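Open the model in your viewer and keep the selection tool at hand. Please follow the stops in order.

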Amino acid sequence: MLKYLLPTQLVTPADSAADVSPHGRTLERAFGAAYPLIRRAAWWSIPISLSGLLPSIFLLQVYDRVIYRNATSTLWALVSGILCFLAIEFWLRSRRSRLLRDAGATIDHEVSNALLHSMLERPLRALEQRAASAWFLLFRDVGAVRGTLTGGLAQSLFDLPMALFALGVIAIVAWPVLPVVVAFLGVMSFLAWWWADEVRAGRVEEAQRSRSLERMTAEICNARETLKTQANDGPSIERWRESYTHWLAESFRKNGEIERARDGTTVLLTIFSTVVITVGAVAVMQQWMTVGGLIASNMLAIKALQPVAGLVSNWRALAIAAEAAKRLENVLAEPVEKPKQDIALPQPPGLVTLEELSFSFHEALPPVLQNVNLRIGVGGLHAIVGRNGAGKSTLVKLLAGLYTPTRGSVQIGEYDLAQFGRSDLAGWISYLPQEAYWFAGELMDSLRRNAPGHSDEQIIGACRLSGAHEFISRLPGGYATQVGEGGTGLSVGERRKLALALAFLRNPSVLILDEPSNDLDFQSERQLLSTLLAVARKRTVIVVTHSLRIVSAATQVYHVNGKGDVEQGSATLMVPRLFGVRSAATLNTAADEEAAIHADVEQAERVVAARAA
Ligand SMILES: Nc1ncnc2c1ncn2[C@@H]1O[C@H](COP(=O)(O)OP(=O)(O)OP(=O)(O)O)[C@@H](O)[C@H]1O
């Protein structure tokens with residue numbers, strides 16, 4: 001019976017779309033795992049319900065046997081008996097709560113875990129299409145499903161047998177009031193059903209408003225520093241206030257309905273008590289039942305009605321959980337990337353080939369890249385240049401296997417990237433995006449977590465290579481410095497150097513860096529270039545850059561022209577065409593600039609060689 005009252009997502013097999021994703025049937029699986037616990041909790045409810053009748057029977061006995069007969073010893077026997085049973089009831093209730101908690105934890109663990117995997121395993125394009133706040137709300141949905149299945153609603157459902165038992169006892173000790181109790185039970189059940197319908201109507205709109213408000217709040221929280229620095233928070237506050245007012249109005253209306261239902265239930269229960277006492281009093285005067293029977297039946301009748309009244313106040317939670325379950329089911333059924341392959345393929349050389357590659361973000365939009373053919377590597381420093389929005393980042397995401405071409409293919413060595421998921425490719429192609437997130441915590445701990453299998457010595461070696469070691473050494477806490485959420489406490493350039501160190505540690509065949517010299521000072525850029533040139537002697541280094549210094553030193557330059565084409569040529573050919581100067585060195589009258597770079601390259605090479613050894 002329990003199954004029929006629950007959101008359908010939990011108990012019926014999801015449709016065929018769920019087969020696309022390994023997480024598609026998670027809700028059903030999680031509930032399947034928790035169901036035996038819930039069922040056991042339901043069985044425990046029978047003795048709990050029975051013991052719930054004992055106070056009424058105690059009262060009946062006290063009135064009918066103790067008071068009228070002055071039987072003190074019977075009273076003590078009854079008191080000891082009831083205390084004993086209450087202790088047992090307490091134990092039974094804590095067992096049932098424990099089972100429900102375990103069931104809740106099972107559902108929460110399974111669904112949250114699947115949600116996290118589903119988020120991190122989906123393709124980058126899919127990730128870009130759902131905001132962080134939407135994911136955050138989905139994690140909250142898991143709590144809503146867990147809370148409803150194992151919280152107040154479950155308790156009300158489990159207490160329903162109490163209604164039947166109470167009716168049975170009333171039939172024995174106070175049969176004249178039985179028709180009244182049955183009639184009220186019918187009225188309350190009808191109201192529970194009717195209010196459930198009322199609660200459901202308009203829930204979707206209320207939920208949408210609430211989610212839109214939460215999204216906007218999250219966005220404003222994320223943008224708090226930008227809003228502060230630009231002193232332009234007026235429009236954001238206005239938008240937020242408008243959204244808040246709409247949500248508040250809708251929520252007030254809905255809460256009003258719920259409160260009316262709750263208040264109505266309370267008044268009805270009081271009316272019901274009065275009617276039972278009136279009918280019972282008449283029955284006592286007619287000697288159809290005893291005074292004890294009247295008082296006990298009043299108590300029993302309330303026990304019978306309480307679970308139904310509980311259902312009334314919990315309908316809203318059920319409606320919220322049903323919507324949350326639907327949202328989770330839809331998200332978990334969305335496709336994820338291919339899982340990691342079992343085959344240990346040999347690491348390919350750093351040759352990346354693009355064949356007739358086209359890519360567009362949407363079929364209605366013109367392609368960012370069209371029929372591009374390129375061969376990049378083996379080895380060398382390759383600079384990708386072009387105006388803002390020309391498609392450079394898009395190109396490198398395709399090279400890293402993060403985007404799937406709309407047409408054509410990308411290959412590394414002899415392998416087509418389409419056959420691999422990101423986890424397979426990560427060992428061969430290392431990609432450093434423009435914005436690298438840095439987690440809160442001790443610097444060295446974060447470095448170790450991100451570079452499993454590497455010794456502290458190797459990590460520090462990579463930090464030297466990326467230029468991070470210098471600034472870390474200057475920090476009062478050194479490698480033990482505590483960094484805030486998102487890398488607060490470090491400058492943008494410092495975060496970039498740390499991310500670079502991690503990219504070096506992966507030791508890939510192809511290293512792709514999206515604008516790595518952004519935010520770097522003059523000296524750091526020179527050091528970075530030296531390191532890249534050293535790494536490029538053995539590996540293919542692809543750099544998206546606006547830096548004339550890096551482009552001048554590149555083996556090959558690729559110009560993404562913003563019309564879908566990519567032109568390729570040597571630095572000597574491309575730099576004068578694109579930058580209007582011969583090379584970076586011509587900008588710097590100090591002739592020893594290039595010599596200094598070469599000296600740095602030698603130094604960086606020695607570090608690389610020492611690390612490889
Ligand atoms: N997720 C996306 N959805 C739709 N269009 C996008 C998306 N990302 C980028 N674009 C569009 O694709 C084009 C190429 O963007 P891309 O980020 O590759 O440019 P870019 O050359 O790297 O620019 P920049 O030098 O400013 O970083 C731009 O017109 C951009 O508006």
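Start by selecting strand 11 and strand 12. Together they form a hairpin, with five residues between them. Click on Gly562 in the turn: its phi is positive, about 85°. The two strands pair in the antiparallel sense, over four bridges. To see the pairing, pick Val560, which stands opposite Val566 in strand 12. This is a predicted model, so treat every stop as a look at a prediction.

**The sheet around the hairpin**

Now widen the selection. Which strands form the open sheet, and in what order? Six strands do, in the order 6-9-10-3-11-12. The pairing in this sheet is mixed. Strand 6 and strand 12 (566-569) are the edge strands, and each pairs on one side only. Turn the view and follow the twist, which averages 15° from one strand to the next.

Select strand 9 and strand 10 (residues 540-544). They run parallel, joined by five bridges. Val510 stands opposite Thr540 in strand 10.

Next, select strand 6 with strand 9 (residues 510-514). This pair also runs parallel, with four bridges between the strands. Find Tyr431, which stands opposite Ile512 in strand 9.

Stay on strand 6, residues 429-432. In a regular strand, side chains alternate between the two faces of the sheet. Are the residues on the faces of strand 6 buried or exposed? Ile429 and Tyr431 lie on one side, Ser430 and Leu432 on the other, and all are buried. Both faces of strand 6 are therefore covered.

**A loop residue beside the strands**

Select Ala400. It sits in the loop between helix 14 (392-399) and strand 4 (407-412). Ala400 is buried because 27 other C-beta atoms lie within 10 Å, and 20 or more is the cut-off for buried. Leaving aside residues up to four places away in sequence, Ala400 touches Ile429, Tyr431 and Ile512.

**An exposed glycine**

Jump to helix 9, residues 178-200, and click on Gly186. Why is Gly186 called exposed? It has 11 other C-beta atoms within 10 Å, and 12 or fewer counts as exposed. Gly186 and Leu305 are 119 residues apart in sequence, and their C-alpha atoms are 9.9 Å apart in space.

**Two helices that cross**

Select helix 2 (residues 26-52) and helix 8 (residues 160-173). Two packed helices are described by the angle and the distance between their axes. Here the axes come within 9 Å and cross at roughly 45°. Helix 2 and helix 8 are therefore oblique to each other. Their crossing is right-handed.

Show the side chains at the contact. From helix 2, pick Ser45, Ile46, Ser49, Leu50 and Gly52; they meet Pro161, Met162 and Phe165 in helix 8. Colour these residues by type: five are nonpolar, three are polar and none is charged.

**Zoom out**

Finish with the whole protein. It has 24 helices and twelve strands. Of its 613 residues, 36% count as buried. Among contacts with a separation of 6 or more, 79% join residues 24 or more positions apart.

Technical notes: Residues numbered from 1 in each chain as written. Predicted model: local features only at pLDDT ≥ 70, side-chain atom pairs only at ≥ 80, totals over all residues. Pairing = 2+ DSSP bridges. Axes fitted to C-alpha atoms, helices over the stretch in contact; angles between N-to-C directions. Parallel < 35°, antiparallel > 145°, perpendicular 65-115°, else oblique. Left-handed = near helix turned anticlockwise from the far one by under 90°. Contact = placed C-beta atoms within 7 Å. Nonpolar A, V, L, I, M, F, W, Y, C, P; charged D, E, K, R; others polar.
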